[in-house]
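User: I would like to learn how to read the local features of a model with some care. Could you take me through them one at a time?

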Amino acid sequence: MVLPIIADINRTTTSNGNPPSEPFKIFVGYDSREDLAFEVCRHSILKRSSIPVEVIPIRQPDLLRDGLYWRDRGPTESTEFSFTRFLTPYLAGFSGWAMFVDCDVLYTADIRELTDLIDNQYAVMCVKHEYAPKESTKMDGAVQTVYPRKNWSSMVLYNCGHPKNRVLTPELVSSQTGAYLHRFMWLEDEEIGEVPFVWNYLVGHNHVDERDREGTFPKAIHYTEGGPWFEAWKDCEFGEMWVEEMEEYLKERRKTFVAAPLDV
């Protein structure tokens, strides 16, 4: 089982609605085919964070075992966390703010910059993409589906204590339709806040404007159609940045294994 990792950096104030002593919870969708993508995503968050954060994988087998999720996987679910992502407020105890993000994301900036954008008037905040993929498949041959508000749910800041989010129980998430969940149909439009696209930069869809590089360069690179951990996508845009982060993560992991004392 992958355990949550906490970056313990002392701060006297937070911008995420949580007590200063509590880390900001980041729930990352975990898929068994993309273990390395998850580890690199986690590494990129912890490496750059200047606030305490707790990175928690959402693993479908654990939720099934614990009776927190029980729906059968459908043909349009390209990942193991297609629906379990919506348990984020429940898993956070319906308290404070927390974030969900897909595992195929590389962070290039301090997560504090994102939490500074939090606005308590909203139930959720996300990048409001207008995204219609051209490809019929994604990643390792998974079916590419098209629907309104596509990719809005791939990175969400949840106001977990908001009354409207209390409907996101195991019972509802295990039974409601994909349209209801991915389109945030439990919310009114004005309850959905917006953050800049650089916090969920879709490779192949969004673009860096050289006239405004600082404002358009991605702070979170989302390899939504497939990343360099898949052979077919090894040469994708920003792929070299992911590979560099992966190599750094693997180097640090080897050092940890070498330094760890042996049990006698």
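Predicted model: local features only at pLDDT ≥ 70, side-chain atom pairs only at ≥ 80, totals over all residues.

User: Is histidine 162 buried or exposed, and why?

Analyst: The term buried is applied under 20% relative accessible area, and histidine 162 counts as buried because its relative accessibility is 15%.

User: How should I read the backbone angles, and what is the phi of asparagine 151?

Analyst: One looks for a positive phi in a residue that is not glycine, and asparagine 151 is such a case, with phi near 75 degrees. Asparagine 151 belongs to the loop between strand 8 (142-143) and strand 9, and at 8% relative accessibility it counts as buried. Phenylalanine 238 also has a positive phi, of about 65 degrees; this residue is in the loop between strand 12 (220-222) and helix 8 (239-259) and is buried, with a relative accessible area of 9%.

User: How many aromatic pairs does the structure hold?

Analyst: There are 12 aromatic pairs, and each is read from the distance between ring centres and the angle between planes. One of them joins tyrosine 223 and tryptophan 229, edge-to-face, at 5.9 Å centre to centre and with 80 degrees between the planes. Tryptophan 229 also pairs with tryptophan 242, where the centres are 5.0 Å apart and the planes lie at 45 degrees, so this pair is tilted. That pair links distant parts of the chain, since tryptophan 229 is in the loop between strand 12 and helix 8 whereas tryptophan 242, 13 residues away, is in helix 8. Tryptophan 242 is buried, at a relative accessible area of 2%.

User: Which residues have the most contacts inside the largest nonpolar core?

Analyst: That core has 70 residues, and those with the most contacts inside it are Met99, Tyr107 and Phe184. Phe184 also belongs to a cluster in which ring pairs link it with Phe86, Tyr180 and Trp186. Not counting residues up to four places away in sequence, methionine 99 touches several residues, including Phe24, Ile26, Tyr107 and Met155.

Technical notes:
Residues numbered from 1 in each chain as written. Heavy atoms only, no water. Core = buried A, V, L, I, M, F, W, Y, C linked by side-chain atoms within 4.5 Å. Buried < 20%, exposed > 50% of the residue type's maximum accessible area, 1.4 Å probe, protein only. Contact = heavy atoms within 4.5 Å. Helix = DSSP H or I, 4+ residues; strand = E, 2+ residues; numbered from the N terminus. Phe/Tyr/Trp six-rings, centres within 6.5 Å; stacked < 30°, edge-to-face > 60°.
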